[in-house]
Amino acid sequence: MTSVAATAHGAHAHHDDRSFVRKYIFSTDHKIIGIQFLFVSLFFLLVGGLLAMQMRWQLGFPGKPMPGGGILPETMAPGGVILPEYYIQLVTMHGTFMIFFAIMPLLVGVFANFLIPLKIGTHDMAFPRINMWSFWTFFIGGLVMLSSLFVPDGAARAGWTMYAPLSARHDYSGASIGQELWSVSIIFVGLSSILGSLNYITTIINNRAPGMTWFRMPLSVWSLFITAILGLLALPVLSGAVIMLLFDQIIGTHFFDPGAGGQALLWQHLFWFFGHPEVYILILPAMGMVSDIISNGSRKPIFGYHSMVFAIVAIAFLGWIVWGHHMFVSGMNPTLGSSFMVSTLVIAVPSAVKTFNWMGTMWRGNLRFHVPMLHAVAFVAMFVIGGLSGIFMAATPVDMQIHDTYFIVAHLHYVLFGGSLFALFGAITYWYPKMFGRLMNEGWGKVHFWLTFIFYNCVFFPMHITGMAGEMRRLYDPNQYTFLQPLQPIRVFISISAFLLFATQLIFFVNFWWSLWKGKKAPQNPWEDNGLEWSLPSPAPHGNWERVPNVYRGPYEFSSPQVAEDYLPQYKKLPTDREPAAASAATH
Amino acid sequence: MHWWLPPKASTFTGPIDGLFLAILIITGIAFVLVEVGLIWFVVKYRARPGRKAFYTHGNTRAEVIWTTIPAVTMVALGLISNHYWVQIKGRNSIPPNAYPIGVHAKQFEWQVTYPGADGKLGTADDFTVRNQLHVPVGRPIVVQLSSEDVIHSFYVPQFRVRQDVVPGMDIKAWFQATVPGTYELGCSQLCGLGHYRMRAQVFVQTQEDYDAWMKQAAQEASQ
């Protein structure tokens, strides 16, 4: 008990004399950097959503003037009617913003930064200045991408996957500066991720508090650690490929142009060699944070902790040998398709292990349905749908039929929205008090959750059906095809649901901003959790602890028979606990 | 309105639709198991005052069971799928007697080259038609795919056949239509601003009708 009080009070005593600029703008504090990532990537989430709404307008009401579309220039939507060339920009930029500027920075930029030092018990990242640069390179990349929406011939228009040679030659795509700005922006984002990953890995390996052994780390930290390894190895591949693409675009090389001896499929191999680990970058941190929240909400230790860790490692490892499943019908050697199919199907195993362990955690628990828990349970329910629908595409013969249809659109949104974004809503609500010292409103949080859950399913579940019927993705107007015309009522239903889903997100945004100033003051440990971050006051002060706490046990000791309360923090010393071996030697 | 896969019109529909159904059953069982379990737990174990959760860190036997069952299922599914994959797309899957048709994709149209009376591509009697694919029913067809510019994708939903058309590569895909009628060939790979309208009509005809059409079309093409 003494160590708890000592650390909490010690933190108060920490004097902070940095200037405003050093404190909030060019900050090297991991928490401020996390919060900077949070504001910027929530903005990009909004941008990505607005782009999606325009696509849904065109698909639901093709050729009709879009409400408010009159402000768009003639080259995009004359009289508010979306043009085909603008539609494919929307497709491209929606995917790009959501993946590179919303989901990825929200999961990694925000939570790896904010949580790692707090959860492993250290004052800051190993390389705080590199960490600052990780944010600012991301920010520059974001500005470049945003600016590409406003150049004369429009933004990039070859899909977020930028398949060459459409992306490599401007006479094919019809865009020029937009395509080049896309490449430049992604190079910045890649740099940002590499810098960040380097930092997270080093920090976790070297800076853990005394007693924080590898198998006492929360699953959120485990998943962020493995994610960082994926990022460090995958992003350089993307950066290299994009630099080649940029050379093709501006200095006349022909890496991807078959007309001059290049290879069109080379791009796909490079892109997906990055792209599939990227898929796991986009889901593993969500899985880790959901594990923390479900254990807390169930008031029960996580079921099968070691299996959960090994499942994260297995998913990450398998992530490197499945990229060819994006290319079953690409003209790649079909024998390769066979081996990629088997490795892909095997990923279902660690995914199933994780799902059953989350259920095992809830089994015989004492479930508290706070807003983060609602989102975490929804994550499990929705991730299962996304995971299972992936099996259809993994089976090569079935992929022949549903590849590049709305079936895959449904699948990826079940994983990225139903999975990652639900986890993010939960995680933001959960750690908000430690970031800002106030709680988000519970009632509005629940309203937001339920409406999102309902409209989300109304938007994305019917896409399975239109995909099965053969509706190709990225079509400006599916009614060009006779066999897709009868599906128009479904498209209208999806569009209206999408507008409602978007409107529902305003509840979250208002709750987020309102709570910053008017939210209920947060106690030190509002969720009665075990992690080290809850030993600090809310919000956590600069430098975190004066003296880092000692760690006496794993992170999930809920309902332990050793204590009367139903939680037992990692930093709480019981009379039977011995000081961790490293504590006496530590120089903190 | 369709609530299922498109109507069946080729020999691939048997194995592909069968596999689709098999996966739907397997995943359907897993889906119901998990979702019903979740709802059951949510209701049964909701917090009540004075109750404490059951303190456990897991169960090795349970871990072994729920690792093994998915592993065995997935490997079996992989083997079965591969059996059909080899038949449909394998390197030696194209029947030797398949009737050749050339399909050249360009932004944003399909140029279909027919072998003429001699049944061989690359001879003087070949002729080309835009956006019309005529095929005889009940006979293996091999389409020889090439692209003028970017990547396109050859997709006929009712045949369950899809193959990307890649510039710089000569890719062959085959199918055998089973039901005479009119279908649509679509491009399913984003290929530029006209991607959405890159479509062709597919006519599956009896051999006699096909021969008659080809004779007439060859004549028109030579004029």
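# A tour of chains A and B

Start with both chains shown: the contact between them takes 77 residues from chain B and 85 residues from chain A. Two residues are in contact if their C-beta atoms, placed from the backbone, lie within 7 Å. This is a predicted model, in which local features need pLDDT of at least 70 and side-chain atom pairs count only at pLDDT 80 or more, while totals for chains, interfaces and linings use all residues. Residues are numbered from 1 along each chain as its sequence is written, and chains are lettered from A and ligands numbered from 1 in the order in which they are written.

**Stop 1: the side of chain B that touches chain A**

Select α1 (13–44), α2 (60–89), β6 (152–156), β7 (161–165) and β9 (181–187) of chain B, the elements that give two or more residues to the side touching chain A. The largest share, 15 residues, comes from α2(B). Helices (H or I, at least four residues) and strands (E, at least two) are DSSP runs, numbered from the N terminus. Colour this side of chain B by residue type and it divides into 43 nonpolar, 20 polar and 14 charged residues. Here Ala, Val, Leu, Ile, Met, Phe, Trp, Tyr, Cys and Pro count as nonpolar, Asp, Glu, Lys and Arg as charged, and the others, Gly among them, as polar.

**Stop 2: the sheet with β9(B)**

Next select β4, β10, β9, β6 and β7 of chain B. These five strands form an open sheet in the order β4-β10-β9-β6-β7, with mixed pairing. Two strands pair if DSSP finds at least two bridges between them. At the edges are β4 (132–136) and β7 of chain B, each pairing on one side only. From one strand to the next the twist averages 20 degrees.

A residue is buried if 20 or more other C-beta atoms lie within 10 Å of its own, exposed if 12 or fewer, and partly exposed in between, with C-beta atoms placed from the backbone. β9(B) pairs with β6(B) in the antiparallel sense over two bridges; B:Gly186 in β9(B) is the bridge partner of B:Tyr155. β9(B) also pairs with β10 (residues 199–205) of chain B, in the antiparallel sense over six bridges. To see one bridge of β10(B), pick B:Gln201, the partner of B:Glu184.

**Stop 3**

Strand β2 (residues 109–114) of chain B runs antiparallel to β3(B), joined by four bridges. B:Thr113 stands opposite B:Thr128 in β3(B).

Axes are lines fitted to C-alpha atoms, for helices over the stretch in contact, and angles run from 0 to 180 degrees between N-to-C directions.

**Stop 3: helices of chain A**

Move to chain A and select α5 (residues 128–147). This helix of 20 residues reaches 29 Å from its first C-alpha to its last, close to the 28 Å expected at 1.5 Å a residue. The expected span is 1.5 Å times one less than the number of residues. Buried residues of α5(A) include A:Met132, A:Phe135, A:Phe138 and A:Met145. The buried residues of α5(A) pack against α3 (30–60), α4 (84–120) and α7 (177–206) of chain A.

Of these, show α3(A), where 23 of the 31 residues are buried. α3(A) reaches 44 Å from its first C-alpha to its last, close to the 45 Å expected.

**Stop 4: A:Met212**

Select A:Met212, found in the loop between α7 and α8 (219–250) of chain A. Why does A:Met212 count as buried? Because A:Met212 has 27 C-beta neighbours inside 10 Å. Not counting residues up to four places away in sequence, A:Met212 touches A:Ile120, A:Gly121, A:Met217 and A:Val551. The C-alpha atoms of A:Met212 and A:Gly121 are separated by 8.0 Å, with the two residues 91 apart along the chain.

**Stop 5: confidence in chain A**

The mean for chain A is 94, and 96% of its residues reach 70 or more. Confidence in chain A is lowest in helix α1 (residues 2–13), at a mean of 42, and highest in helix α10 (residues 284–298), at 98.

Methods: pLDDT is the predictor's confidence in each residue, from 0 to 100.
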